[in-house]
Amino acid sequence: MVDLSEIWVYLARDPLAALTATLLAWMAGLRLAALCRWHPAANPVLFAVALLAAALLLAGIDYRQYFQGAQFVHFLLGPATVALAVPLYRQWQHVRSSALAALLAVIAGGGVAAAVGVAFALALGAAPEITASLAPRSVTTPVAMGIAEQIGGLPGLTAAVVLASGVTGATLGPMTLNLMRVKDWRARGLAMGTAAHGLGTARAIAVNATAGAFSGMAMGLNALATALMLPLLWRLVFG
Amino acid sequence: MINGLTLLLLCQLCGEVLGRALHLPVPGPVIGMALLFAGLLLRDRLSDRPAEAPAAPGLGQTADTLLMHLGLLFVPAGVGVVVYLPQLARDWAPLSLAVVAGTLAGIAFTGRLAQALIRRLG
């Protein structure tokens, strides 16, 4: 007779199961997206997260225990961010001529994305730490968590709203851009990278190489601009 | 593949060290991205290869593989949402409205402004 509880204890403690489950959930998400013919609304990240979150809740597994295994995937976010230099370099001849326009659009657009979110949260009476967690929403996770901590938010909650913003941008962003009649691939990439960081960029890379390069650049620029300006502005307005 | 990964990690490491040493508010990987980009441009300036030549050996391939599955890398942090279910249950309305309205307003505004500026400034 095999002792099932002993196997369960091993699986719960070892990083192997969590890591495998993360990759399997991602493959399932990709399969689903392919079935939906890569429609932007069928987001593989959202599907994989929902699947894993439901599994953790059902099985009563602690998130920290899951993260012990999943951190190996999480770690690759760093080198992947560095790797964004490659599409930018490949498209540099193309990017160079509109660098000034890109810089201005990203700074103004990043400001609007943050201000509209904060205004809605204030108007609907969210708790102050919730509002502060929302402010750095549009920049990539590690930057956003650092900023949230600086201005009195909850870094973990920020990670969740950053992901939600990325998924929103990746799924509804292309439609919004069509509605606004933004046809230029450069402008579309800039918009996705500014408001929806890496997830918007992942979507942009999948659709068009030029949009992908501009999106990666916008994501980096907005991370830089937000990290430099948001803590100062926050202190001026709310401090 | 390993060549490329080593170069990426090296850039990230330099970025982390620089950021901490100079007390920059920018995270290490973003500095690493700037370093790698500057490095690639500098190498082109020093050697006169055609601009279309592949980046460093293996770097292009590694970067493409990582970026093709960029979405996967957000999954572990995203699952962390289970820890914040109580806050989400209480403040779900302002949170979801702020996220959706803020993100779409940001995309619409940036897209329109960028398109107008690119036309104007080239």
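## Helices H2 and H3 of chain A

The crossing is right-handed.

Which residues of H2(A) and H3(A) meet? From H2(A) come A:Ala21, A:Thr22, A:Ala25, A:Trp26, A:Ala28, A:Gly29, A:Leu30, A:Leu32 and A:Ala33. From H3(A) come A:Pro44, A:Val45, A:Phe47, A:Ala48, A:Leu51, A:Leu52 and A:Ala55. This contact has 14 nonpolar residues, two polar ones and no charged ones. An α-helix has 3.6 residues a turn, so residues three or four places apart point the same way.

## Helix H8 of chain A

H8(A) runs over residues 99–123 and has 25 residues. How far does H8(A) reach from its first C-alpha to its last? The span is 36 Å, close to the 36 Å expected at 1.5 Å a residue. After H8(A) comes A:Gly125, with a positive phi near 70°.

## Helices H12 and H13 of chain A

H12(A) spans residues 185–207, and H13(A) spans residues 209–238. Their axes come within 6 Å and cross at roughly 85°. H12(A) and H13(A) are therefore roughly perpendicular to each other. Their contact holds 12 nonpolar, 12 polar and two charged residues.

## Where chain A touches chain B

In total, 98 residues of chain A are in contact with 65 residues of chain B. Which helix gives the most to the side of chain A that touches chain B? H11(A) does, with 15 residues. By class, that side of chain A has 69 nonpolar, 25 polar and four charged residues.

H11(A), residues 155–179, packs with H6(B), residues 92–121. The angle is about 45°, and the axes are 9 Å apart. That makes H11(A) oblique to H6(B). The crossing is right-handed. Residues of H11(A) in the contact include A:Val161, A:Ala164, A:Thr168 and A:Leu172. Those of H6(B) include B:Leu95, B:Val99, B:Thr103 and B:Ile107. The contact has 10 nonpolar and seven polar residues, and no charged ones.

## Confidence

The model scores ipTM 0.88 and pTM 0.83. Chain B has a mean pLDDT of 87, and 92% of its residues reach 70 or more. Where pLDDT is low, the predicted coordinates should not be read in detail.

Methods:
Residues are numbered from 1 along each chain as its sequence is written. Chains are lettered from A and ligands numbered from 1 in the order in which they are written. This is a predicted model: local features need pLDDT of at least 70, side-chain atom pairs count only at pLDDT 80 or more; totals for chains, interfaces and linings use all residues. Axes are lines fitted to C-alpha atoms, for helices over the stretch in contact, and angles run from 0 to 180 degrees between N-to-C directions. Helices (H or I, at least four residues) and strands (E, at least two) are DSSP runs, numbered from the N terminus. Angles under 35 degrees count as roughly parallel, over 145 as roughly antiparallel, 65 to 115 as roughly perpendicular and the rest as oblique. A crossing is left-handed if the near helix is turned anticlockwise from the far one by less than a right angle, and right-handed if clockwise. Two residues are in contact if their C-beta atoms, placed from the backbone, lie within 7 Å. Ala, Val, Leu, Ile, Met, Phe, Trp, Tyr, Cys and Pro count as nonpolar, Asp, Glu, Lys and Arg as charged, and the others, Gly among them, as polar. The expected span of a helix is 1.5 Å times one less than its number of residues. pLDDT is the predictor's confidence in each residue, from 0 to 100.
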